Amino acid sequence: MASLKMFLQTYWYFFTILFFIRHCSCFNPKLSDASSLAAVSAGATWYGGPFSDGSEGGACGYEKDVGTPPFASMISAGGPSLFKNGNGCGNCYEVKCTAAAHPSCSGKPVRVVITDSCPGGPCVQESVHFDLSGPAFGAMAIRGQEDRLRNAGHVPVQYQRVKCNYRTNIVFRVDPGSNPFFFSTLVEYENTDSDIVSIELRDISSNWKPMQRSMSAKWKLNSPTPLKGPFSLRLKAANGRTIVAQNVIPAGWRPGATYRSNVNF
């Protein structure tokens, strides 16, 4: 009887575990990521040379930074739905192509940053379009088949917006044309998966003043009175998160200079 009782208890234990495994709706991050990436489709082309930075004169204003870390040439121009009149500058995405699209596709996601605008051709013909740099487009391929994939020119891809992880704090590059009555700065390396919706500036003698986006990663402020440093900058993301780069622009700031903050999202 004791052995029969033990057998029934063991059988019931394994039946319970099997039932839980089959019917559990537990969150699986790997499965969730794969399904969400596969759920949204777009088109992709590439521009520039196969090993070049893409465009150093891109509409976002990052210039030569696109070829150095953390961008490291893994960049893309975006069609209107990605560029968003400059609101999409600096946003990060994972893109991948599968063997169903081209036999050289690896099916592994590649992370890219929007650094430019693609205003014509398939970029406007498709609802979502990535015009990738040569290195980024080739990175979607099976190793050794990068050129074969680039020769295809255009492939359907799957994509998802992801949080940027630049591993650095936000940087402000002051525009060379800035002066006490006009301040403009390029904003780089925001670690967020939400658009930056506002930036405000406060100098030593005033309250917060709203800046305007210049249809790029640059923000500007016209002031009727001279602005006096140091400047603090307050950034707000669409998800409601707000950070303040306190006195990030020093009193003796210079046009064309770059200033690194000690904050990020």
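Arg173 is buried, its relative accessible area being 17% (buried is under 20%, exposed over 50%, partly exposed in between, with a 1.4 Å probe and protein chains only). A quick word on the basis: this is a predicted model, where local features need pLDDT of at least 70, side-chain atom pairs count only at pLDDT 80 or more, and totals for chains, interfaces and linings use all residues. Residues are numbered from 1 along each chain as its sequence is written, and side-chain values use heavy atoms, leaving out hydrogens and water.

**Exercise 1.** Find which residue forms a salt bridge with Arg173 at 3.3 Å, and say where the two sit.

*Solution.* 
- Step 1: the partner is Glu63, with the closest N and O atoms 3.3 Å apart (a salt bridge puts a side-chain nitrogen of Lys or Arg within 4 Å of a carboxyl oxygen of Asp or Glu).
- Step 2: Glu63 is in the loop between β1 (41-47) and β2 (75-78), while Arg173 is in strand β7, 110 residues apart (strands are DSSP runs of E, at least two residues, and helices runs of H or I, at least four, numbered from the N terminus).
- Step 3: Glu63 is partly exposed, at 41% relative accessibility.
- Step 4: Glu63 and Arg173 also belong to a salt-bridge network with Asp65 and Glu188.
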